[in-house]
Amino acid sequence: MIEIRHPRASDFALIRQLLIDANLPVDDFTPEHLAFIASDDEQPFAAIGCERMGDTWLLRSLVVAEEHRSRGLGARLVAALEADAREQRVGEIWLLTIDADGFFGSLGYRRRERDEAPEAIRGTAEFAELCPASAVLMSRPLD
């Protein structure tokens with residue numbers, strides 16, 4: 001059975017390697033960025049992270065190991081992050097993506113112009129340095 005849970009300190013190295021294998025940025029990724037893990041028998045194989053900035057969050061590093069893709073895990077992890085954000089009264093979640101805009105669009109995220117990003121998002125390393133200018137900026141207000 002697949003469990004969606006909060007990460008443990010011991011999960012970080014494996015998730016960091018999953019991010020590297022998926023060519024996702026890890027230069028500034030810390031254990032504090034990890035939000036939820038998908039695991040089976042305690043072995044994590046998918047994760048979602050975020051950078052929390054008051055009532056605006058930057059979704060970071062949604063990753064699912066290749067052999068576990070196409071099973072709805074990405075959507076489950078996004079839903080877990082959104083539920084957590086609602087509990088903490090977050091107004092909006094933002095993200096940058098190179099090639100997953102279709103996936104996030106199907107979950108209610110919409111494309112935004114880079115100059116629409118709040119100052120807190122523009123000040124992150126992911127926005128300013130790690131993601132190329134061609135990355136698609138998206139957001140979703142939370143009800």
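How many of the six residues of strand 7 (residues 136–141) are buried? I began my notes with this question, and I record here that the model is predicted.

**Entry 1: strand 7 and its partners**

I looked up the burial of strand 7 and found that five of its six residues are buried, so the strand is largely enclosed by the rest of the structure. I then looked for its pairing partners. Strand 5 is joined to strand 7 by six bridges, and these two strands run antiparallel. Within this pairing I noted that leucine 96 has leucine 137 of strand 7 as its bridge partner. Strand 6 (residues 110–112) also runs antiparallel to strand 7, with three bridges between them. Here methionine 138 in strand 7 stands opposite arginine 111.

**Entry 2: strand 2 and its partners**

I turned next to strand 2 (residues 34–40). Of its seven residues six are buried, so I describe this strand too as largely enclosed by the rest of the structure. Strand 1 (residues 3–5) is antiparallel to strand 2 and is linked to it by three bridges. I found alanine 38 in strand 2 opposite isoleucine 4. Strand 3 (residues 43–53) pairs with strand 2 over six bridges, again in the antiparallel sense. One of the pairs I checked places isoleucine 37 against alanine 47 in strand 3. Strands 2 and 3 make a hairpin that has two residues between them. In that turn I noted aspartate 41, with a positive phi of about 55°.

**Entry 3: glutamate 126**

Is glutamate 126 buried or exposed? I located this residue in helix 5. Its relative accessibility is 4%, and because buried means under 20%, glutamate 126 counts as buried. I looked for a partner of its side chain and found arginine 60, whose side chain is joined to that of glutamate 126 by a polar contact of 2.9 Å. Setting aside neighbours within four places in sequence, I listed the contacts of glutamate 126 as Asp28, Leu58, Leu59, Arg60, Leu96 and Cys131.

**Entry 4: the largest pocket**

By class, I recorded the lining as 17 nonpolar, seven polar and five charged residues.

Technical notes. Residues are numbered from 1 along each chain as its sequence is written. This is a predicted model: local features need pLDDT of at least 70, side-chain atom pairs count only at pLDDT 80 or more; totals for chains, interfaces and linings use all residues. Side-chain values use heavy atoms; hydrogens and water are left out. Ala, Val, Leu, Ile, Met, Phe, Trp, Tyr, Cys and Pro count as nonpolar, Asp, Glu, Lys and Arg as charged, and the others, Gly among them, as polar. Helices (H or I, at least four residues) and strands (E, at least two) are DSSP runs, numbered from the N terminus. Buried means under 20% relative accessible area, exposed over 50%, partly exposed in between (1.4 Å probe, protein chains only). A polar contact is a pair of N or O atoms within 3.5 Å; within protein, one must be able to donate a hydrogen and the other to accept it, and residues adjacent in sequence count only if both atoms are side-chain atoms. Contact means heavy atoms within 4.5 Å. Two strands pair if DSSP finds at least two bridges between them.
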